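My notes follow the order in which I checked things.

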Amino acid sequence: MKFNSSYIFVKRSIPLYFILLGIFVVASASTDHFFTSENILNVLVQLSPLLVVACGQTFVVLLQGIDISVGAVASLTTTVLALGSFEHFFGAWGPMFLIVVLGVAIGFLNGLMIYKGVTPIIMTLGSSVLVKGIALGLRPVPGGNVSFTIAEFFCKELGWIFSVPFLISITWFSILAFLLHFTRFGKYVYATGADRDVSNKAGINTMKITILAYILSSVSGVLAGLLLVGQIWSGDALIGEKLSLDSVTAVLVGGTTFEGGVGGLFGTLAGAFILSIMSNVLNMMNIFSYYQYVIKGLILIFSIFLSLRLSSRKEKSIR
Amino acid sequence: MKEWTPYILLGLLIAVLGIFSPSSMHISHLLTVLAQAAPLIIVAIGQSFVIFVGGIDLSVGSVISLANVLACSLISGDASRTGTTILICLAVGLAIGTINGFAISYGFIPDFVMTLGMGAVIQGVTYIFTKGSPVGNVEGFLLTLANDRFLGIIPWSVIFVALVFALAFFMLNGTRYGRKLYATGGNATAAVLSGINVRLVKTIAYAISGVLSVTGGLLLSGFVRVASVGIGADYVLYSIAAVILGGASFAGGIGKLQNSIVGALTLVFLTNLLTILRVGQPGKFIVQGSVIIAIAYLYVTMKGENQ
């Protein structure tokens with residue numbers, strides 16, 4: 001039975017927090033510069049888009065799905081915000097309205113098609129190419145100007161280790177964690193992920209659940225795009241691409257598995273932190289960015305391998 | 001109806017292409033298009049093996065790029081090194097594919113996580129190997145294979161693709177391995193119970209995909225002549241799209257190799273049509289994405305009707 005209380009999913013991710021603590025201690029000990037407030041501030045700013053996207057991705061993975069299109073959605077967000085002309089008509093926050101509507105539409109399309117039976121990876125690969133095309137159409141080369149008000153807001157530092165992007169990402173995490181672990185919707189996500197047919201028979205509207213999960217993932221992509229705008233102050237149709245792979249990695253490192261209905265957001269939080277800190281430490285140890293591809297790929301593979309070893313459901317995996 | 005859908009789609013597309021640009025219906029132009037489609041067709045054949053067995057290979061793009069930079073730097077203008085280079089590249093592809101298949105079937109790692117991770121690792125290795133600025137160019141055999149024509153009419157690459165196709169077709173439809181592959185893709189548990197070594201069958205399918213990705217990458221190197229990081233990136237999407245356009249089921253066990261070829265040709269002609277209509281790269285992405293979604297949905301609804 002996986003229809004457990006949310007407490008179980010907090011408990012399940014506790015080992016990850018010890019790993020995180022270990023990485024933190026090793027990082028502080030091995031480089032002088034790691035444990036300074038500027039660097040922690042920096043890590044948290046770098047973390048924020050990844051954390052936001054990974055939170056949305058968690059819902060999708062819990063449903064035995066995957067959302068490859070989030071990276072493209074984040075990129076599209078930066079290009080829409082850098083449109084410029086839009087502000088004349090709707091004010092500085094006008095483009096935000098447009099992009100949220102677009103995000104919901106993309107998520108709706110993904111969720112609907114996947115519910116109808118299109119394989120998640122095909123659907124989101126298709127929509128990611130579609131969205132990438134739109135983003136490249138809006139901005140073939142990186143550039144453009146984002147409204148000063150918006151860009152400044154999304155990169156504001158609030159003193160010590162706090163910044164607006166980090167607070168936004170933590171708030172988003174809290175909202176989604178509340179949704180997933182403390183509401184009926186969350187319970188239905190777990191149920192649908194574990195067994196869609198049974199959930200249907202139990203009277204859950206699994207179509208609604210699937211569509212809402214993909215909308216959450218897409219909107220997370222939009223929010224991540226806004227946070228990226230705070231980092232680059234312009235539009236770039238390819239800037240978010242790596243978020244797709246990274247968010248899946250964070251979710252899997254966080255112990256959510258593709259078997260469906262197993263895992264949770266507290267694991268994802270730890271997963272995102274582990275990835276960001278490792279990336280920061282690798283940078284500070286002057287490890288060339290090329291090696292980071294290799295390391296990230298290996299982390300992805302080994303984390304899922306470990307979580308499968310640890311789970312007692314091995315016998316199911318005859319496929 | 002479903003049987004014929006891939007052919008109807010391709011036929012319609014060619015008809016539209018003929019209307020917009022009658023000159024592109026000339027036989028020599030069609031052969032040129034076929035020659036350019038050769039690398040994609042080869043990679044799509046590998047992808048077909050994996051999808052028929054119920055998996056997916058997202059590492060093909062990185063493998064193609066690796067084959068390209070490896071071949072260019074090893075040959076680097078000296079045609080006499082071609083033979084050894086091809087063997088080394090094929091061995092690398094075989095190793096990558098085998099590792100993928102082994103981890104997926106013996107380590108129970110989900111197929112797309114494994115191949116996505118492997119793709120990232122290989123991409124990193126390619127960058128490390130080239131230090132970001134790839135060097136060298138291919139010579140001799142690979143250039144001939146990609147650019148010359150048999151009797152000045154039929155491109156060698158088309159003949160080569162036909163040979164690869166014939167071999168793969170025979171493997172799938174004329175050998176015990178092919179029957180085991182379809183059985184495994186259709187119902188792995190039933191296959192295990194009837195004594196098939198499912199894990200070995202899957203591992204071999206991924207190994208074939210690895211080898212064919214490298215083969216496609218080598219042929220592509222013949223076309224572009226020089227090394228270029230990231231040259232294979234688009235092939236992940238295109239190879240999967242080709243198999244989908246061919247109507248294969250992602251549940252595995254269903255699919256025809258000839259349909260995947262038709263799917264690959266559909267993609268190539270679609271891209272050609274968009275180029276003739278002067279649609280830019282953004283527009284191409286939009287159309288390709290929409291077509292993939294629409295066709296995937298079309299086949300899903302058709303499957304529903306059959307049941």
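**Ground rules.** I am working with a predicted model, where local features need pLDDT of at least 70, side-chain atom pairs count only at pLDDT 80 or more, and totals for chains, interfaces and linings use all residues. Residues are numbered from 1 along each chain as its sequence is written, and chains are lettered from A and ligands numbered from 1 in the order in which they are written.

**Chain A overall.** I looked up the secondary structure and found 15 helices and 0 strands in chain A. Helices here are DSSP runs of H or I with at least four residues, strands are E runs of at least two, and both are numbered from the N terminus. Next I checked the dimensions. The C-alpha atoms of chain A fill a box of roughly 55 × 50 × 35 Å along the principal axes. Of the 319 residues in chain A, 53% are buried. Buried means 20 or more other C-beta atoms within 10 Å, exposed means 12 or fewer, and partly exposed is in between, with C-beta atoms placed from the backbone.

**α4 and α6.** How do I describe two packed helices? I use the angle between their axes and the distance between the axes. Helix α4 (residues 70-81) of chain A packs on helix α6 (residues 94-116) of chain A at about 155°, with the axes 9 Å apart. Axes are lines fitted to C-alpha atoms over the stretch in contact, and angles run from 0 to 180 degrees between N-to-C directions. α4(A) is therefore roughly antiparallel to α6(A). The cut-offs are under 35 degrees for roughly parallel, over 145 for roughly antiparallel, 65 to 115 for roughly perpendicular, and oblique for the rest. I listed the residues that meet; among them are Leu76(A) and Val80(A) in α4(A), and Leu102(A) and Ile106(A) in α6(A). Contact means C-beta atoms, placed from the backbone, within 7 Å.

**α13 and α14.** The axes of helix α13 (residues 241-253) of chain A and helix α14 (residues 265-284) of chain A come within 7 Å and cross at roughly 120°. That makes α13(A) oblique to α14(A).

**Single residues.** I found Val219(A) in helix α12 (residues 206-232) of chain A. Val219(A) is buried, with 21 other C-beta atoms within 10 Å. Leaving out residues up to four places away in sequence, Val219(A) touches Gly56(A), Val100(A), Gly103(A), Val104(A) and Gly107(A).

I then checked phi. Gln64(A) has a positive phi, near 65°, and lies in the loop between α3 (37-62) and α4 of chain A. Trp233(A) has a positive phi too, near 55°, and sits in the loop between α12 and α13 of chain A. Gln64(A) is partly exposed, with 19 other C-beta atoms within 10 Å. Trp233(A) is buried, with 20.

**Interface.** How many residues of chain B are in contact with chain A? I noted 39, against 38 residues of chain A. On the chain B side, α5 (111-130), α9 (188-193), α11 (235-245) and α13 (281-306) each supply at least two residues.

How values were computed
Two residues are in contact if their C-beta atoms, placed from the backbone, lie within 7 Å.
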